[in-house]
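Visitor: I would like to learn how to read the sheets and helices of a model. Please take me through one case, feature by feature.

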Amino acid sequence: MDKQTKLLLGDEAIALGALHAGLGGVYAYPGTPSTEITEYIQGYVARNKDVEGIHTRWCTNEKTAMEAALGMSYAGKRALVCMKHVGMNVCADAFVNSAVTGVNGGVVVLAADDPSMHSSQNEQDSRFYGKFALVPVFEPSNQQEAYDMMKVAFEYSESIKEPVLMRMVTRLAHSRANVEVDVEKSLVVSLLVSNDRSWVLLPAIARRQYVSLLSKQPEMLRASETSQFNTFAKVEGCKTGIIACGIAYNYVREVLGENTSGFSILKVSQYPLPEKQIVELAKSCTEIIVIEDGQPVVEEGVKVILQENGIADCKVTGRLTGKLPRTGELNPDSVGIALIGKHDGETESKSNVTDIIAARPPQLCPGCGHRDVYAALKLVASEYPDYRIFGDIGCYTLGALPPFQALASTVDMGASITMAKGAADAGLFPSIAVIGDSTFTHSGMTGLLDAVNDKSNITVVISDNLTTGMTGGQDSAGTSKYEAICLGLGVEPEHLHVVVPLEKNMDEITKIIRDEINYYGVSVIIPRRECIQTLRRHAKAKKQ
């Protein structure tokens with residue numbers, strides 16, 4: 001097949017690789033740094049009118065995305081599921097069970113991890129989920145591998161009848177490189193609809209399927225040990241070995257350049273860990289330095305492999321031992337210090353950039369409706385000495401920062417309502433929840449149902465800006481449906497209010513907030529005004 005070169009983000013390479021592999025559909029909820037994958041596929045389908053039958057709409061959350069992808073797999077087509085790392089927590093039930101049901105059409109689950117928490121609540125490493133579910137994990141080291149891996153991953157998924165987890169990190173997802181790609185996409189792969197009882201996880205079937213999953217582990221190990229993406233460059237007589245995982249391999253090559261003669265290097269981009277190569281490396285070295293972006297998944301695994309093979313005279317170092325920083329993303333400087341004791345261009349007088357540049361924390365956009373929501377809430381809530389406002393995940397989380405400093409908590413998607421309920425159960429008054437429109441349909445509806453059933457004394461503010469604002473303005477699943485959803489969940493009509501968050505409406509809004517705080521039960525207030533960013537884009541589009 002003819003080739004051409006494109007300058008692509010890592011996310012775009014994943015997307016184009018999936019399309020060229022014969023993708024049937026992408027299922028995702030927007031979350032940085034994974035969002036651009038689905039957006040690229042959506043744009044590709046919109047631009048190429050000859051492309052038909054590829055599903056591209058956003059899902060309500062990651063669990064619905066995973067389950068819909070399994071449905072597409074059942075029907076015989078290849079499905080890609082995309083999310084950021086914390087989305088793996090949301091889809092974990094379906095993801096782990098999918099390893100037991102197995103798949104029909106290939107399923108690739110793309111988890112974009114965020115070391116250093118550029119836009120996240122934690123640094124969790126999605127490779128643990130692959131190990132937990134006993135499924136293969138792919139981890140590209142660069143944009144070219146991200147593209148190339150997609151076809152291999154789909155084909156491998158179908159060959160072993162299991163889902164495949166692919167893990168990326170922010171630095172790879174959001175950086176660009178030249179990628180050699182196919183000129184034409186493959187036809188959508190379509191297998192026969194599954195008629196296998198393995199999808200019915202009654203205990204008797206699930207027990208049999210779990211035995212089948214365990215029986216596939218040796219084949220997964222063999223595939224890893226022979227993978228084109230795992231390479232081993234052994235240097236005879238060298239006493240220091242490197243195991244570099246995913247993007248960390250790029251940092252190693254940047255630090256060492258062409259002068260790698262002092263190290264034997266094992267590059268790992270497909271899991272389970274290639275035990276044969278690790279044992280061979282350990283037998284020739286006195287130290288193995290494990291370089292991995294994220295948590296010490298491989299470092300711990302290598303220690304177990306060496307112990308099981310009776311290799312006691314090879315020290316394993318990495319993030320656990322302090323050889324590399326325990327937190328944050330790696331970079332050529334930190335890797336250089338670990339390997340050769342310094343980073344490139346190091347001088348004694350070199351200043352730390354963070355020491356000389358003033359911090360500029362993010363703020364809500366000028367003209368944002370969330371600003372008026374917080375202004376009204378703070379004005380009324382401050383009348384009560386013990387008030388607490390429980391926040392949620394979205395751009396409105398910035399209400400925790402100056403000038404508002406309004407939020408008492410931000411834990412995970414949907415937690416505002418249930419935390420407000422729990423605090424009210426403990427006697428806290430007033431207990432107020434602020435949640436965004438997209439977050440409400442993602443994970444907030446069930447919490448509101450709990451509160452209604454318990455007649456909890458809480459006030460819920462669903463700040464509706466008609467989009468998924470924090471990730472760039474994707475469609476929000478519940479747009480124009482929120483009043484109906486709240487009424488359907490049992491909110492009393494007289495305690496459900498829609499307001500327009502503008503300064504001129506402040507008297508009306510503050511009166512409603514005050515009245516509903518003093519009502520013993522569940523109140524819902526929906527301030528609704530379009531996101532200022534999407535409003536500008538829509539206005540610009542109308543002029544063209």
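Visitor: How many bridges join β14 to β15?
Guide: Strands of a sheet pair through backbone hydrogen bonds, in either the parallel or the antiparallel sense. In this predicted model, β14 and β15 run parallel and are joined by three bridges. I389 stands opposite I432 in β15.

Visitor: Which helix packs on the sheet, touching β14, β15 and β16?
Guide: That is helix α17, residues 415-425. The direction of α17 makes about 175° with that of β15.

Visitor: What is the order of the strands in this open sheet of five?
Guide: The order is β14-β15-β16-β18-β17, and the pairing is parallel. β14 (388-390) and β17 (496-499) each have a single partner strand, so one side of each is left without a neighbour in the sheet. From one strand to the next, the twist averages 20°.

Visitor: Which strands does helix α20 lie across?
Guide: Helix α20, residues 506-517, lies across β15, β16, β17 and β18. Relative to β17, α20 runs at about 165°.

Visitor: Now β16. Are the faces of β16 covered or open?
Guide: Both faces are covered. I458, V460 and I462 are buried on one side, and T459, V461 and S463 are buried on the other.

Visitor: How does the chain cross from β15 to β16?
Guide: The chain passes through helix α18, residues 437-453, and this β-α-β crossover is right-handed. β15 (residues 431-436) and β16 pair in the parallel sense over six bridges.

Visitor: What joins β16 to β18?
Guide: Four bridges join β16 to β18 (residues 522-527), and the two strands run parallel. The bridge partner of V461 in β18 is I525.

Visitor: What is the pairing in the open sheet of six strands?
Guide: The pairing there is mixed, with the order β2-β3-β4-β6-β5-β11. β2 (23-28) and β11 (270-271) are the edge strands, and each pairs on one side only. Within this sheet, β5 (residues 137-138) and β6 (residues 164-169) pair in the parallel sense over two bridges. V137 stands opposite L165 in β6.

Visitor: Let us turn to helix pairs. At what angle do α9 and α10 pack?
Guide: Two packed helices are described by the angle between their axes and the distance between the axes. For α9 (residues 203-215) and α10 (residues 217-225), the angle is about 30° and the axes are 4 Å apart. Angles under 35 degrees count as roughly parallel, and α9 and α10 are therefore roughly parallel to each other. L213, L214 and S215 of α9 make the contact with Q217, P218 and M220 of α10.

Visitor: Finally, which residues are buried in helix α14?
Guide: In α14, residues 332-340, the buried residues are S334, V335, G336, A338 and L339. These buried residues pack against β9 (240-245), α11 (248-256) and β12 (287-291).

Visitor: What is found at the start of α14, and what follows α14?
Guide: At the start, a side-chain oxygen of N331 reaches to within 2.9 Å of the backbone nitrogen of D333. After α14 comes G341, which has a positive phi, near 85°.

Notes:
Residues are numbered from 1 along each chain as its sequence is written. This is a predicted model: local features need pLDDT of at least 70, side-chain atom pairs count only at pLDDT 80 or more; totals for chains, interfaces and linings use all residues. Side-chain values use heavy atoms; hydrogens and water are left out. Buried means under 20% relative accessible area, exposed over 50%, partly exposed in between (1.4 Å probe, protein chains only). Contact means heavy atoms within 4.5 Å. A polar contact is a pair of N or O atoms within 3.5 Å; within protein, one must be able to donate a hydrogen and the other to accept it, and residues adjacent in sequence count only if both atoms are side-chain atoms. Two strands pair if DSSP finds at least two bridges between them. A crossover is right-handed if, with the strands pointing away from the viewer, the path from the first strand over the helix to the second runs clockwise. Axes are lines fitted to C-alpha atoms, for helices over the stretch in contact, and angles run from 0 to 180 degrees between N-to-C directions. Angles under 35 degrees count as roughly parallel, over 145 as roughly antiparallel, 65 to 115 as roughly perpendicular and the rest as oblique.
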